[in-house]
Amino acid sequence: MTAYDSTVPTLLVAIDISKHRHEVLIGIPGKKRRRRLTIENSLEDFQRLSRLLQDFDLLVRIGFEATGNWT
């Protein structure tokens with residue numbers, strides 16, 4: 001594994017995690033607008049997100065923000 005190189009075009013992905021659905025924000029290099037989508041907490045939706053990110057054919061960095069209430 002190598003250190004992160006900030007000069008390589010990178011797809012930045014932020015995922016706000018909650019119990020039933022997750023909000024995803026995708027920052028695409030060279031674009032001002034970010035893509036937003038919601039995925040359900042299911043294998044099918046995680047696979048859909050994985051395929052979507054792979055289709056960009058870029059290095060991907062993902063950050064997670066967990067919801068504070070897990071009751």
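I started with aspartate 45, which is found in helix H1. Helices here are DSSP runs of H or I with at least four residues, strands are runs of E with at least two, and both are numbered from the N terminus. The model is predicted, so I kept its limits in view: local features need pLDDT of at least 70, side-chain atom pairs count only at pLDDT 80 or more, and totals for chains, interfaces and linings use all residues. Residues are numbered from 1 along each chain as its sequence is written, and side-chain values use heavy atoms, with hydrogens and water left out.

**Entry 1: aspartate 45**

Is aspartate 45 buried or exposed? Aspartate 45 counts as buried, because its relative accessibility is 14%. The cut-offs are under 20% relative accessible area for buried, over 50% for exposed, and partly exposed in between, with a 1.4 Å probe and protein chains only. I then listed its contacts (heavy atoms within 4.5 Å). Leaving out residues up to four places away in sequence, aspartate 45 touches Ile39 and Glu40.

Next I looked for salt bridges, meaning a side-chain nitrogen of Lys or Arg within 4 Å of a carboxyl oxygen of Asp or Glu. By this rule I count one salt bridge. It joins aspartate 45 to arginine 48, with the closest N and O atoms 3.5 Å apart. Both residues lie in helix H1, three residues apart, or about one turn of the helix. An α-helix has 3.6 residues a turn, so residues three or four places apart point the same way. Arginine 48 is partly exposed, at a relative accessible area of 35%.

**Entry 2: helix H1**

I checked the length of H1, residues 43-55. The expected span is 1.5 Å times one less than the number of residues. For the 13 residues of H1 that gives 18 Å, and the end C-alpha atoms are 18 Å apart, which agrees.

Which residues of H1 are buried? They are Asp45, Leu49, Leu52 and Leu53. These cover an arc of only 95° around the axis, so they sit on the same side of H1. The arc is taken from the directions from the helix axis to the C-beta atoms. The face turned away from the buried side carries the exposed residues Leu43, Glu44, Gln54 and Asp55.

What covers the buried residues of H1? The cover includes S1 (10-17), S2 (21-27), S3 (35-40) and S4 (59-66). H1 lies across these four strands and runs at about 150° to S3. Axes are lines fitted to C-alpha atoms, for helices over the stretch in contact, and angles run from 0 to 180 degrees between N-to-C directions.

**Entry 3: the sheet**

The four strands form an open sheet in the order S3-S2-S1-S4, with mixed pairing. S3 and S4 are the edge strands, each pairing on one side only. The twist averages 20° from one strand to the next. Two strands pair if DSSP finds at least two bridges between them.

S2 and S3 run antiparallel and are joined by six bridges. Here isoleucine 26 stands opposite arginine 35 in S3, and arginine 21 stands opposite glutamate 40 in S3. S1 and S2 are also antiparallel, over five bridges. They form a hairpin with three residues between them. Alanine 14 has leucine 25 in S2 as its bridge partner.

Last, I looked at the loop between H1 and S4, where aspartate 57 is found. Aspartate 57 has a positive phi of about 55° although it is not a glycine. Aspartate 57 counts as exposed, because its relative accessibility is 71%.
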